Structures are given as structure tokens and as C-alpha cells.
Amino acid sequence: MKLTKKAIRRIKDSGISLKLALALNFSEQWVLKLIEANKPNGPLTTIGVLRVIREETGLPDSELLEEEEPVKA
């Protein structure tokens, strides 16, 4: 699972990267790199971080995560 494009847009628009950094105990710059990478099953998909995103963006759970696209060989 990874964040949806809509969730990423809302995170960037709402400026909550500092709150996410505090939730993860990472620097804000590192969180911004994580957002850009949006790797499947990364730190941004943990329960605590998703709670912060949900509370700050108002997005429902169904709009926060999406399935990872399979790698085409």
C-alpha cells in the first residue's frame, strides 16, 4: 500500500509535513523526501502517520491508501 496522489496533494497543500516529522521522529526534510518517493509500505503508511494525515486533511481512509501497482517485466 502507498499514499494516493490525492493524499499527497493534500499533505503538500496543508503543510503538515512538520506534524508528520514529529509523528515519525524524523526531520521535516526527510519527510518531504519520503512524500516524493511514496514507496509502498513505507513509514508514511503506518497507523500513527495515517491518523495524523486523516485528522489534518479530512480525507477518509478510502482516499488515503492505494494498492501498489505491479512491476511490469
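Is Glu55 buried or exposed in this predicted model? At 54% relative accessibility, Glu55 counts as exposed, because a residue is called exposed when its value is over 50%.

View 1. Arg51, with a relative accessible area of 42%, is partly exposed.

**View 2. Helix α1 has a buried face and an exposed one.** Within α1 (residues 5-14), the buried residues are Ala7, Ile8 and Ile11. Seen down the helix axis, these residues fall within an arc of 100°, so they line one face of the helix. They are covered by elements including β1, α2, α3 and α4, whereas the face turned away from the buried side carries the exposed residues Lys5 and Asp13.

**View 3. Lys12 and Glu36 form a salt bridge.** The closest N and O atoms of this pair are 2.7 Å apart, and the pair links distant parts of the chain, with Lys12 in helix α1 and Glu36 in helix α3, 24 residues apart. Lys12 is partly exposed at 46% relative accessibility, while Glu36 is exposed at 55%.

**View 4. Asn38 is a buried residue in the loop between α3 and α4.** Asn38 has a relative accessibility of 12% and therefore counts as buried. The side chain of Asn38 reaches the backbone oxygen of Leu3 at 2.9 Å, and, leaving aside residues up to four places away in sequence, Asn38 touches Lys2, Leu3 and Ile8.

How values were computed: Residues are numbered from 1 along each chain as its sequence is written. This is a predicted model: local features need pLDDT of at least 70, side-chain atom pairs count only at pLDDT 80 or more; totals for chains, interfaces and linings use all residues. Side-chain values use heavy atoms; hydrogens and water are left out. Helices (H or I, at least four residues) and strands (E, at least two) are DSSP runs, numbered from the N terminus. Buried means under 20% relative accessible area, exposed over 50%, partly exposed in between (1.4 Å probe, protein chains only). A polar contact is a pair of N or O atoms within 3.5 Å; within protein, one must be able to donate a hydrogen and the other to accept it, and residues adjacent in sequence count only if both atoms are side-chain atoms. Contact means heavy atoms within 4.5 Å. The arc is that of the directions from the helix axis to the C-beta atoms. A salt bridge is a side-chain nitrogen of Lys or Arg within 4 Å of a carboxyl oxygen of Asp or Glu.
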